[in-house]
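Please load the model in a viewer and keep the selection tool at hand.

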Amino acid sequence: LWLVKEGDLQQKLQGDYRGIVDFTSELITTEKDYNRISAANLLLLFVRPLRFIREDPRMQRLNQTLHDAKQDIFWFIVVLGIVLFACTLLANVSFGPFFLPCIDIAASFLFCFSFILGEFDFWGLYGANPVMAVIFFFPYLILVYCVFTNIFFAILDRFFVSADPPPMKLKRKLKPLLSKICRCIDWDDDFVMEEDPKGAKKEGPQSRADRVAVTAKIIHDIRKGIDGDSGSRLAQSKPLSEVCDMDEKLLNVVKWSKEEASSIVSEFQSLLVKKQRHKNEDVFLKQVVMKKVDDDETNTRKEMEEAHRQMRYAAEVHEVMALRDQQTLAKYIWLLEQKIQKKMTDKHALMMEVQHLQDEMDRMRFTKEDLRNHANGVGSDIPQEEIEGSASEEEHAETMSEVVTTHAGPKPIDPNSAMDSAGTGRSDPATADMLKALHG
């Protein structure tokens, strides 16, 4: 289209000046579009040959590395983009009015992106804004040029397939074309092409016939062990009932294991049936088997995460309930202690009242002389049983008062106990005055 328009140049030159300018502008725009399309076409021309070498083992290793690391690379690009956009705005606001490379958002983005390529201009930033230059330049340089670059290399290194590439399998590539024509050739045999002809030859991978023979031998050994052949290693095993006691839990475990084994066998049988329907084994492995493996892995991971969440929830609930029970028990113990102290205080008050009533009763039954003689240890007409009962009650009252004093504080003073302290040797002025008044 651009060449067609260029052919009309001579005709446009004979017109007016305005027509020539418009034609030239359209011609330039068309030329730019043509150049862009041509550049994209050239890129595709050099990219298409990669399809012919993608079957190469080393190219497969590179493609597999990028495929395995695609998720980590995606999130790495997301984080890098967020950091780069934030630093772009910071550079535009801080240095834009005085620094030409940061005059607008696009220029600031290119300037910040050039840090990844190793292009720095510290003194230009320092001339525009010395304080922000130091704050922006060194942290951004360390973060983008050092940290993010090494993180990207670490991601590729983690997923890089370091195993030796498999050998070229010429028979497998020719099998779909010539297997039905040349049936005398064993197309499943694979041979390793050694790079060093003088080196020791390595054993090639097992063919399908060898794998079938090994599997058949293993199945034969298992069947011989089940039948009880003495020459088999599996014949040495014992039933589970002879080794341990079969309780209810163990029976449930055995039942569960049988169900799981039956489900696995049925799955493999269904895969075997599907495999017989497919003509290409590699396509079957990629489209059916690996898809099932990925689905099983996803479901198992979800079940594990759900079980882990339930376990954490149960543990947190158990801890909260245990803490609540401990707090309730502590409050109950504290209330019991308060009640015991109150009861002991009431008991002490009752004992004091009983002692006071006993003293009043003695004063009513006996004379002052008998009480004085009893207090001084001189013989009196008071019966011995009453004396012993009174003494035991006094000792019991004193013991209880000491116990209560420990819990409820100092013992209160009874105003009616002046007569009881007459013979104890205590020098109380009020008591002495009362005794003199009684003698007088």
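This is a predicted model: local features need pLDDT of at least 70, side-chain atom pairs count only at pLDDT 80 or more; totals for chains, interfaces and linings use all residues.

## Stop 1: an exposed leucine and its patch

Select Leu43 to begin: this residue is exposed, its relative accessible area being 56%. Leu43 belongs to helix H3, which spans residues 17-47. Now extend the selection to Val47, Leu50, Phe52 and Ile53; together with Leu43, they make a nonpolar surface patch of about 520 Å². As a general background to this stop, nonpolar side chains in soluble globular proteins tend to be buried together.

## Stop 2: the whole chain

In a cartoon view, the secondary structure consists of 16 helices and zero strands. Of the 440 residues, 15% are buried. The protein exposes about 35,100 Å², and carbon and sulfur atoms supply 61% of that area. Among contacts with a separation of 6 or more, 49% are between residues 24 or more positions apart.

## Stop 3: the largest nonpolar core

Which residues touch the most other members of the largest nonpolar core? Select Phe95, Phe99, Leu125, Phe136 and Tyr140, which hold that place in a core of 25 residues. Then display helix H5 (70-95), helix H6 (105-113), helix H7 (122-128) and helix H8 (130-159): each of these supplies at least two residues of this core.

Centre the view on Phe99. Leaving aside residues up to four places away in sequence, Phe99 touches Phe111, Asp121, Gly124, Leu125 and Ala128. One of these partners, Leu125, is also among the core members listed above.

## Stop 4

The structure holds seven salt bridges. Select Asp72 and Arg158, which form one with their closest N and O atoms 3.4 Å apart. Asp72 lies in helix H5 and Arg158 in helix H8, so the pair ties together parts that are 86 residues apart in sequence. Asp72 is partly exposed, with a relative accessible area of 26%, whereas Arg158 counts as exposed at 63%.

## Stop 5

Move to helix H13, residues 281-365, and select Lys292 and Asp296. The closest N and O atoms of this salt bridge are 4.0 Å apart. Why are the two residues separated by about one helical turn? Lys292 and Asp296 are four residues apart in helix H13, and therefore about one helical turn separates them. Lys292 counts as partly exposed at 26% relative accessibility, and Asp296 as partly exposed at 35%.

Next, select Glu306 and Arg309, a salt bridge in which the closest N and O atoms are 2.6 Å apart. These residues are three apart in helix H13, so about one helical turn lies between them. Arg309 is partly exposed at 47% relative accessibility, and Glu306 is partly exposed at 36%.

## Stop 6: segments to read with caution

Finally, colour the model by pLDDT. Where does pLDDT stay under 50? One such segment is residues 230-235, for which the model has eleven contacts beyond four places in sequence. Another is residues 403-428, for which the model has 26 contacts beyond four places in sequence.

Note on methods: Residues are numbered from 1 along each chain as its sequence is written. Side-chain values use heavy atoms; hydrogens and water are left out. Patches are made of residues with over 30% relative accessible area and no salt bridge: like charges are joined within 9 Å, nonpolar side chains (Val, Leu, Ile, Met, Phe, Trp, Tyr) within 5 Å. Accessible areas come from the Shrake-Rupley method with a 1.4 Å probe; for residues, only the protein chains shown count as cover. A salt bridge is a side-chain nitrogen of Lys or Arg within 4 Å of a carboxyl oxygen of Asp or Glu. Buried means under 20% relative accessible area, exposed over 50%, partly exposed in between (1.4 Å probe, protein chains only). Contact means heavy atoms within 4.5 Å. A nonpolar core is a set of buried Ala, Val, Leu, Ile, Met, Phe, Trp, Tyr and Cys residues joined through side-chain atoms within 4.5 Å. pLDDT is the predictor's confidence in each residue, from 0 to 100.
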